[in-house]
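Please look over the sequence and the model shown here before reading on. The text after them is meant to be read alongside both.

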Amino acid sequence: MTAETSQTLDRGLRVLKLLADTDHGLTVTELSLKLGVNRTVVYRLLATLEQHALIRRDLGGRARVGLGVLRLGRQVHPLVREAAMPALRSLAEDIGATAHLTLVDGADALAVAVVEPTWTDYHVAYRAGFRHPLDRGAAGKAILAARQRPMTDPGFTLTHGELEAGACGAAAPLLGVTGVEGSVGVVMLADVVPERVGARVVEAAREVADALR
């Protein structure tokens, strides 16, 4: 900590990060141990965050991320989209297929950025805002694969005709980006995904992840 920073704000942000990294919430005692401060300090931090709906406490007293973060999150998509565009543009032009960045939105996969190739005679029309279940299509299945193997690189996922007849897709998950769960991929009109596409979407996913860190 430097003289120009706020210790209280720093601790509050650390609380939010700790809660964002767990699905089961944390108790005051657990937070106290992780932050290295006494329980009274944690109670005060939680009370302040709760006033702004940034955290909530269940009947067992465990603190979890609150719905107030959704209001902040509405501004995240434009920032993520801007950071991802160079890698998506390069991917679309290189492969000659529609490239997309997809993020988790509840139980759905939501396309937040899409780039179509400029030199092809035809390509799949795929628009930002398009959503589909996580368990259908390469984009969602790549995200689910990363959930199932969080400590390893799950590589890429291929699908055929799951979202549109005659179209196939390839996608790789974003890895190592705190607070962002998504994938980068391409969708094309083809019977078989060319061999080099899988490695190329993995590379693009890494480029986007690096831009978001």
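The paragraphs below go from the whole chain to its helices, then to single residues and the pocket.

The model is a predicted one, in which local features need pLDDT of at least 70 and side-chain atom pairs count only at pLDDT 80 or more, while totals for chains, interfaces and linings use all residues. Residues are numbered from 1 along each chain as its sequence is written, and side-chain values use heavy atoms, with hydrogens and water left out.

The chain has seven helices and eight strands. These are DSSP runs numbered from the N terminus, with helices (H or I) of at least four residues and strands (E) of at least two. Taken along the principal axes, the C-alpha atoms fill a box of roughly 65 × 40 × 30 Å. Of the 213 residues, 40% count as buried; buried means under 20% relative accessible area, exposed means over 50%, and partly exposed lies in between, for a 1.4 Å probe and protein chains only. Among contacts with a separation of 6 or more, 50% join residues 24 or more positions apart, a contact being heavy atoms within 4.5 Å.

Helix H1 covers residues 7–20. At 1.5 Å a residue, its 14 residues should span 20 Å, and its end C-alpha atoms are 20 Å apart, which agrees; the expected span is 1.5 Å times one less than the number of residues. The buried residues of H1 are Gly12, Val15, Leu16 and Leu19. They cover an arc of only 95 degrees around the axis, which puts them on the same side of H1. The arc is that of the directions from the helix axis to the C-beta atoms. These buried residues pack against helix H2 (28–35), helix H3 (39–51), strand E1 (55–57) and E2.

Between H1 and H2 runs a loop that holds His24. His24 is exposed, with a relative accessible area of 57%. Leaving aside neighbours within four places in sequence, its contacts are Arg62 and Arg64. The C-alpha atoms of His24 and Ala167 are separated by 39 Å, and the two residues are 143 residues apart along the chain.

In H2, the buried residues are Val28, Leu31, Ser32 and Leu35. Seen down the axis of H2, they fall within an arc of 105 degrees, so they line one face of the helix. H1, H3 and E2 are among the elements that cover them. One of these buried residues, Ser32, has a relative accessibility of 11%. After H2 comes Gly36, with a positive phi near 75 degrees.

Where does a residue other than glycine have a positive phi? Ala53 is such a residue, with phi near 60 degrees. Most residues other than glycine have a negative phi. Ala53 is found in the loop between H3 and E1 and is partly exposed, with a relative accessible area of 29%.

Thr157 lies in strand E6, residues 157–160, and is buried, with a relative accessible area of 15%. Apart from residues up to four places away in sequence, Thr157 touches Ala138, Lys141, Ala142, Gly169, Ala170 and Ala171.

The last topic is empty space. Rolling a probe the size of a water molecule over the atoms shows where such space is left. The largest pocket has a volume of about 2,000 Å³. Of the 43 residues that line this pocket, the closest to its centre are Ala20, Thr178, Gly179, Val180 and Glu181. On a 1 Å grid over the protein atoms alone, a pocket is an open set of points where a 1.4 Å probe fits, with protein on both sides within 12 Å along at least five of seven lines, and lining residues have an atom within 4 Å of a point. Grid points are joined across faces, edges and corners, and the volume is the space filled by probe spheres set on the points.

The largest share, five residues, comes from H1. By type, the lining divides into 24 nonpolar, ten polar and nine charged residues. Here Ala, Val, Leu, Ile, Met, Phe, Trp, Tyr, Cys and Pro count as nonpolar, Asp, Glu, Lys and Arg as charged, and the others, Gly among them, as polar.
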